[in-house]
Amino acid sequence: MKNKFIPNNKNYTDFSNITIDLIDPFLANNIIENNHYSGTSVKGVAYHIGVFHNGHIKGVVQYGFGIKPQQTCKWVLDTEKDEFLELNRLWLDDSLGFNSESYVISKTLKFIKKKNPKLKWIISFADGMMGKNGIIYQASNFVYTGYRKDGGMWYTKDGKRLHSISLWHKHKTIKRNVLEGIYGKPLYKVFGGQYRYFYFYDKSLTSKLITPILPYPKKQDIINDLVVKTSYGINNNEKNLSDFLDLLNKNNNKSVN
């Protein structure tokens with residue numbers, strides 16, 4: 001149930017009253033699962049950080065080790081797997097107001113650095129398949145290094161996000177005609193990917209990136225990078241994309257990473 005833990009209050013703009021602290025992992029995961037657009041929490045979280053305003057919890061930020069830390073650390077030369085973290089999940093209640101994301105990211109970056117002075121950098125991804133190009137990272141002085149294409153994700157007409165692996169385990173098939181009989185039409189198969197960002201505590205370490213720093217992607221890049229299908233064979237991608245983006249706009253009130 002949306003906003004299960006979050007009271008409905010007026011819009012806040014006074015960031016000086018925002019505080020952060022570690023919270024219980026069970027509580028953090030429940031808030032993420034009930035509010036984050038993905039509807040899922042992740043494993044391997046090192047820091048479950050609660051975001052508070054006047055004593056009320058208004059968000060959660062989670063930093064963790066990622067799926068394959070031994071491989072991920074190779075993005076930056078001379079980095080050990082315990083010298084970086086991934087910003088896995090970020091959700092803030094809308095009442096915190098405009099630009100609250102970048103403010104909270106800045107506070108949490110300093111917070112985890114105090115907890116672990118060995119940290120050199122942070123990696124995170126903006127989900128292009130959810131219409132996100134990483135504006136909050138751009139505003140937080142992350143550097144952009146490229147677009148990672150993914151194999152595709154299913155979305156129902158109600159905007160529910162479905163992973164192929166989960167569908168296979170549940171239905172023993174990922175055939176479109178079978179899934180349409182279960183979830184209805186249109187059933188969108190979206191081929192897109194993730195925009196990759198890095199934050200460096202020591203800016204000189206950018207020279208150790210094994211990939212070049214690129215100009216920040218814009219909203220138009222998301223449109224150019226997405227392929228949306230609603231049937232077998234040849235599709236009208238322009239119409240499918242337009243319909244899918246409209247669907248996201250109607251349902252995309254859960255933020256952020």
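Visitor: Which strand do seven bridges join to strand 5?
Guide: Keep in mind that this is a predicted model, where local features need pLDDT of at least 70, side-chain atom pairs count only at pLDDT 80 or more, and totals for chains, interfaces and linings use all residues. Residues are numbered from 1 along each chain as its sequence is written, and side-chain values use heavy atoms, with hydrogens and water left out. Strands here are DSSP runs (E, at least two residues) and helices are too (H or I, at least four), numbered from the N terminus; two strands pair if DSSP finds at least two bridges between them. The partner running antiparallel to strand 5 is strand 10 (residues 193-200).

Visitor: And which residue in strand 10 is the bridge partner of Asp127?
Guide: Asp127 belongs to one covered side of strand 5, along with Trp121, Ile123 and Phe125. Its bridge partner in strand 10 is Gln194.

Visitor: How many residues of strand 5 are buried?
Guide: Buried means under 20% relative accessible area, exposed over 50%, and partly exposed in between (1.4 Å probe, protein chains only). Strand 5 is largely enclosed by the rest of the structure, because the buried count is seven of the seven.

Visitor: In what sense do strand 4 and strand 5 pair, and what is the hand of the crossover?
Guide: Three bridges hold this pairing, and the sense is parallel. From strand 4 the chain goes through helix 3 (residues 100-115) to reach strand 5. A crossover counts as right-handed if, with the strands pointing away from the viewer, the path from the first strand over the helix to the second runs clockwise. By that test, this β-α-β crossover is right-handed.

Visitor: What kind of aromatic pair do Phe84 and Trp121 form?
Guide: Rings of Phe, Tyr and Trp (its six-membered ring) pair if their centres lie within 6.5 Å; planes under 30 degrees apart are stacked, over 60 edge-to-face, and the rest tilted. By this rule there are 15 aromatic pairs. With 4.6 Å centre to centre and 15° between the planes, Phe84 and Trp121 are stacked.

Visitor: Which ring does Arg148 lie over?
Guide: A charge sits over a ring if NZ of Lys or CZ of Arg is within 6 Å of the ring centre and within 35 degrees of the ring normal. Lys113 does this over Tyr201, at 5.0 Å from the ring centre. For Arg148, at 4.7 Å from the ring centre, the ring is that of Phe125.
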